[in-house]
Amino acid sequence: MGVFVLFTKGLDAQSPQVQTLNPSQDNSLFEDPNGALSNGQGIYLFSGKTNQPLLRRALFKFDIAGSIPSNATITGVSLELFMDLTIAGNTPMSLHALNSSWGEGASDAPGQEGTGTAAASGDVTWLHRFFPGSNWVNPGGDFQSSADATLNVGSLGPYTWSSPAMLNRVQSWFSNPSINHGWILIGDESTNPTAKRFSSRENPNMNQRPKLVVSYTVPCIPPSLPTFSYNNAPICSGDSVPVQVNGALNSAGHWALYSGSCGGQLIDTSQQGSFFVAPSQTTTYFVRGEGGCITPGACANFTVQVNPTDNPAFAYASAAFCINASDPTPQVSGTSGGSFSIQPPSMAIQTNTGQLDLSSGQAGTVYQILYTSPGPACPDTFSQFISLHPTFATLRFDTICQGDSLFFGNQFYSQQGTFVQNFTSQKGCDSVVTMELTMHPSQNLMVQDTLCTGDTLVYGNQNLTSQGQYLISLQNQFGCDSILQITLQEWPVFNNSLNLDMCQGDSTFFNGQWLQQAGVYPENLSSVRGCDSTTILSLNLLPVFLQNQTNDICLGDSLLFGGQYLSNSGQYIDTLSAITGCDSVIQLNLTVLNAFSTQDTAAVCQGDSLFFGNQFLTQTGNYSYLFQTLGGCDSLVDLSFSVFPNPQRFDTLQICAGDSLLFQGNYLNAAGDYQAVLPSAQGCDSTVFLRLDLIPISQTLDSMAICSGDSISFGGQFIQQAGTYVNNLQGSSGCDSVITLVLSLNPTYVTADTVSFCSGDSVVYGNLTISQGGMYTVPLSSQQGCDSLVDLMALEVQVDTSIALSGSTLVAQAQFADYQWIQCDAGNLPVAGAQGQSFTPTATGSYAAVVTQNTCVDTTSCIFVEVLGVEAFALQKWAYPVPASSHIRVYSELKGAMVLLNAHGREVAHWEHSSGWQTLNLPKLPAGIYVLLGPNGIRQSLPIVAP
């Protein structure tokens, strides 16, 4: 089969367009005898046969007539679906036109959505076109028996269906929308599993949603010759004039506004034809329809008249004035006869001359003087800023002392009075200062004064400590000097000392108070001259002696004290005189001791003894002894004495090893001899002797391994988990016999794996040879001899060898693959540099692509392409580099438009070309084959690659 590509001169009569549509509705049919399952709002669609086995079918409908212009002719159709989950390898999947309408309700299946969910009102199901009412004639959908297109779907990714039958189908739906019920996608239903999952129109990934790409053309209708609606009265420079273009764009894309000439300096574009122009001088504008499939249309023009504008100016002699200066008048230049105004209006101005009345202004203010020309059509303004500075009148008060002087203005002043001086301010304006000067006198004083010896008098900044005459300089209340003459006389100070002894407890009166404590006490008096006279008293205390005496006597005795015999207990005092003359007191505490007769009882344990009187008692009996008290008096004691015995006990016990025995507060767990001493009822030692024997426990340790999922009986139970288990038995002695089992599990494996192989090949997995895609369960054995199962997904990889021709460009349909184009009729030699998904031959011949996809290699069928000669530009034409990326260099001896079209014939770039060489900068475009249109419609194919 040959494909002829012909380039012709002139513009196409049709405008090629491309529209990408998403479904207006989609859903899935889930095989169900009750017709109760659907998934209207789900994000996935399903087609094929499941493992159960149950059928799944996907439905799509696109709004063709509502999306394509009514005068369009459809030229190409392709449907793209994204497959994201499969349980099978390459599977043929066919599109069939549906014969009846169907619905999409609110149902939304959970999880992976593979089993659907309860159908909602209006949903399509296996039995219903619209649940729960209208039914299909045939369960599973009513559709055309012959497929519009079939495509093998294998690995995950996008797939595109396209065929002449699909083009005819869409054209018929476009012509008659009432028969448009969409397609149903049917997979291989002869075997299982073949089910595949596709993204629906609700899928959150917009790039994976179903897409119907429709190419079409519409007739190109040139735009009408425009007319204009605007106010054509003359305007002033800079004014804005709204302009409305009247006319039909038809197939053009927009109205273009130019100045200078039609196609000259582009000012603006507008689809609605609304423009604003603001010329500075009289200007003619040109408008024509452009863009779309017609470039350009017929041109029309309109003119905007602009009146001249005045150019007034004026200038004052200075930019700043003093408020008391002469009133200035400006010099006017340019247009005269205008009027003056001022802001703020606080200063008067003559509106016809601009003369200012400075005395009426506010000092410190900046004024703007505005001059407006008389016109007549377009008056203009000019302004200048004037600063007004103040003059100052200041009154100051100063003082000096008699004999001093003050410099003021340009001279010294030494007399009081009022004086005036004129100064100049920082801004150059007058400043008058009036000074009121006052003179204060100086003073001389004579003073007589006295001081006591040791005191200090302070006068001014001097300290005076002795008699004599002194001259001191001071300042009076006005700050002027004052001379003070002082005559100073000194008076003496007197000091006396006094010593006094006193008995402790007595008191003496001194300096207005009674003294009882030893110490030094001063008394300050004043002499007849007013100076201090001091007497210092040193007071000493003589001690008074107090002696305490204690004596004991036996009953019937007496004691001589203070000249008398005492025989009774009590407290007695005798007062004596010391050598210092102070009292000495003796206090006697006398106690009369009684004689005692006592009966007592005592007991000891056998082996002990008791010392009583002058002997050790070891035998039970009654004993008497005459003692002497601590006071030396007689004391008779009668003692009843007892001796108690010490008992003993011997025991022997046996316990099991690991147990313990409580013995006198301690737990015993080791064999041995133990004893404990206990108190008897009489408090004597009672000894218990214990011999403890241990009966040993029998212990056994064992280990075992089983396969995961098996079990073993141990201790009366079946054990399936790894761990350490203990079984306690009872031996003949009544003690435990312990068996410990350490159980480990050897794993059994259930794993999932995926293996892929090229279509026509096979792969060996374990002892299984696989030559067809599908799910397999492969039994293996682990090193411990336990089962190991592998759920194996075998993917049969088929290389997509379909190929399409777009214009003169061949496009391999395989996605995510590597490509090498070859020339079939030249011994299948590779075409140098042709390794892209698309290829544009430069010579007539048969071509194919060697496709490497998922490590599998296959070759497409050979396509014959005849390339007819491409006309050159008039006289000479050359565009390089080829392929281009960011720019091209073009030569032409003709002037005119350069237009770049994409593969769909849509304009993507436009330049105005002058004769000779010119560099054209390319916009950012996707890689592909483009067409460059030159003057007179001459075309050249231009491949563009990413920069």
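This briefing walks through some of the disulfides in the structure above. Do keep in mind that the model is predicted. It holds 9 disulfides, and among them are the links Cys401–Cys480, Cys758–Cys856 and Cys824–Cys862.

**Cys401 and Cys480**
- The sulfur atoms of Cys401 and Cys480 sit 2.0 Å apart, and the link is left-handed, with -95° about the S-S bond.

**Cys758 and Cys856**
- Cys758 is joined to Cys856 with an S to S distance of 1.9 Å.
- The torsion about their S-S bond is about -95°, so this disulfide is left-handed.
- Here the link runs from strand to strand: Cys758 lies in β67 (residues 749-758) and Cys856 in β78 (residues 856-859), so the pair ties together parts that are 98 residues apart in sequence.
- Cys856 has a relative accessible area of 3%, so it is buried.

**Cys824 and Cys862**
- In the disulfide of Cys824 and Cys862, the S to S distance is 2.0 Å.
- With a torsion of about -95° about the S-S bond, the link of Cys824 and Cys862 is left-handed.
- Cys824 counts as buried at 18% relative accessibility, because the cut-off for buried is under 20%.
- Cys862, with a relative accessible area of 43%, is partly exposed.

Methods:
Residues numbered from 1 in each chain as written. Predicted model: local features only at pLDDT ≥ 70, side-chain atom pairs only at ≥ 80, totals over all residues. Heavy atoms only, no water. Disulfide = S-S within 2.5 Å. Helix = DSSP H or I, 4+ residues; strand = E, 2+ residues; numbered from the N terminus. Buried < 20%, exposed > 50% of the residue type's maximum accessible area, 1.4 Å probe, protein only.
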